[in-house]
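Please consult the sequence and the coordinates alongside the text.

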Amino acid sequence: MDILISNWSRVRCLPEKYIFPAERRPGNHKVSVSKDIPIIDLERINGPERDQIIQQIIKASQEFGLFQVINHGVSRELMEKTMQMFRQFFESPAEFKARFYSNDLNASCRLYTSTLNYENEEVHYWRDNLTHRCHPLEDHITHWPDDPPYYRKVVAEYSIEVRKFLLMILELICNGMGLESRFFEGELSKNQSLSVNHHIPCPDPSATIGMQAHCDPNLISMLQQGDVCGLQALKDGQWVGVEPLPGAFVVIPGLQLRVISNGKLASATHRVVTDLEKSRTTIGTFLIPSSDVLIQPADCLLGSSAMLYRGYTYEEFFGTFTGNNCEAEMALERFKL
Ligand code: OGA
Ligand code: NI
């Protein structure tokens, strides 16, 4: 049997390798969506309400470490076209997809299932993933799928637009915190990945999970959710559902924003549960620092408070993060002063 779940048809019973031990199961996977998750409307960002909107972003990043954004300027048509194409990719024949299998973290395009550690893990996650590196485009685009023929053009356009969007959010965060507007441009956001998750309907969503609870290790992440529930965030010790709002992007500050802001901004712990009836595809975009850039709390944000973390390179952080089973708190502990 092929290992990609998107190659399976009509799974009636959850295969044993996907059944989590009781203490790691999602429990009540059907939590309702939270109306408290902040929704930032950018329609009037260039008008007199700019400062107010910036403060909403800062507050959401401090209190939730996750927010939704509407009227962000990326066209609905492009969002839908890109989503449609990725869904089509996962539905394409196994032989076609096999061309893109890779476990290499540095590959310009890699298709895998569960985690990059599939061979050695005790239990598998109910997900396939297609990741494209996409910045600078010309270094990677020729390794992406080329069928349908407009695939690369659409994904390239999407990558460029969402990069602009994330850099705008970072600039607004800078404005709100008193950092120089372009603070995060350059090495801190040099790399960009598009990470598409795909989950087929799951016969027992209470016993398995699409993505385990985690914080994103990068600078900042965003997500186009499609229309199926599945993303949950941890708020005050409770899991809450993140509503798939039509046309919205979910923004999640990554662990590097937490460190650079000296702990002022939060990075929400989140996970993905599976759905009994519907397949779910999401398009994630991550901005990632270059491996050798020095990361440390920004001087001008310290004020009278002590520096909480020592400086490190992103390479060092990422190695520590994966070495600690991707447990954010354990990894951060190694860098605390
Ligand atoms: C991620 C992630 C959530 C989703 O890729 O880091 O959290 O809903 N994805 O796919
Ligand atoms: Ni994540």
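## Shell around ligand 1

How many nonpolar, polar and charged residues does the shell around ligand 1 have? By class, there are 5 nonpolar, 4 polar and 2 charged residues, where Ala, Val, Leu, Ile, Met, Phe, Trp, Tyr, Cys and Pro count as nonpolar, Asp, Glu, Lys and Arg as charged, and the others, Gly among them, as polar. The model is predicted: local features need pLDDT of at least 70 and side-chain atom pairs pLDDT 80 or more, whereas totals for chains, interfaces and linings use all residues. Residues are numbered from 1 along each chain as its sequence is written, chains are lettered from A and ligands numbered from 1 in the order in which they are written, and side-chain values use heavy atoms, with hydrogens and water left out.

The residues surrounding ligand 1 are Asn197, Met211, His214, Asp216, Leu223, Leu231, His270, Val272, Arg280, Thr282 and Phe286, each with a heavy atom within 4 Å of the ligand. Strands β6, β11 (270–272) and β12 (280–288) each supply at least two residues of this shell, and β12 gives the most, with 3 residues. Strands (E, at least two residues) and helices (H or I, at least four) are DSSP runs, numbered from the N terminus.

An oxygen atom of ligand 1 lies 2.7 Å from a side-chain N or O atom of threonine 282. For the side chain of histidine 270, the corresponding distance to an oxygen atom of the ligand is 2.9 Å, and for a polar side-chain atom of aspartate 216 it is 3.2 Å. On its own, ligand 1 has 290 Å² of accessible area, of which the protein covers 96%; areas come from the Shrake-Rupley method with a 1.4 Å probe, and for residues only the protein chains shown count as cover.

Histidine 214 belongs to strand β6 (residues 211–214). Histidine 214 is buried because its relative accessible area is 13%, and buried means under 20%, exposed over 50% and partly exposed in between (1.4 Å probe, protein chains only). Aspartate 216 is buried as well. A polar side-chain atom of histidine 214 is 2.9 Å from the backbone oxygen of glutamine 212. Not counting residues up to four places away in sequence, histidine 214 touches Ala268, Thr269 and His270, with heavy atoms within 4.5 Å.

## Backbone features

The peptide bond between histidine 135 and proline 136 is cis, with omega about -10 degrees; proline 136 lies in the loop between β4 (128–133) and α4 (137–140). A cis bond also leads from aspartate 147 to proline 148, with omega near 0 degrees.

Asparagine 71, in the loop between β2 (67–70) and α2 (76–91), has a positive phi near 50 degrees and is partly exposed at 43% relative accessible area. Arginine 10 has a positive phi near 45 degrees and is exposed at 68%.

Conventions. A polar contact is a pair of N or O atoms within 3.5 Å; within protein, one must be able to donate a hydrogen and the other to accept it, and residues adjacent in sequence count only if both atoms are side-chain atoms.
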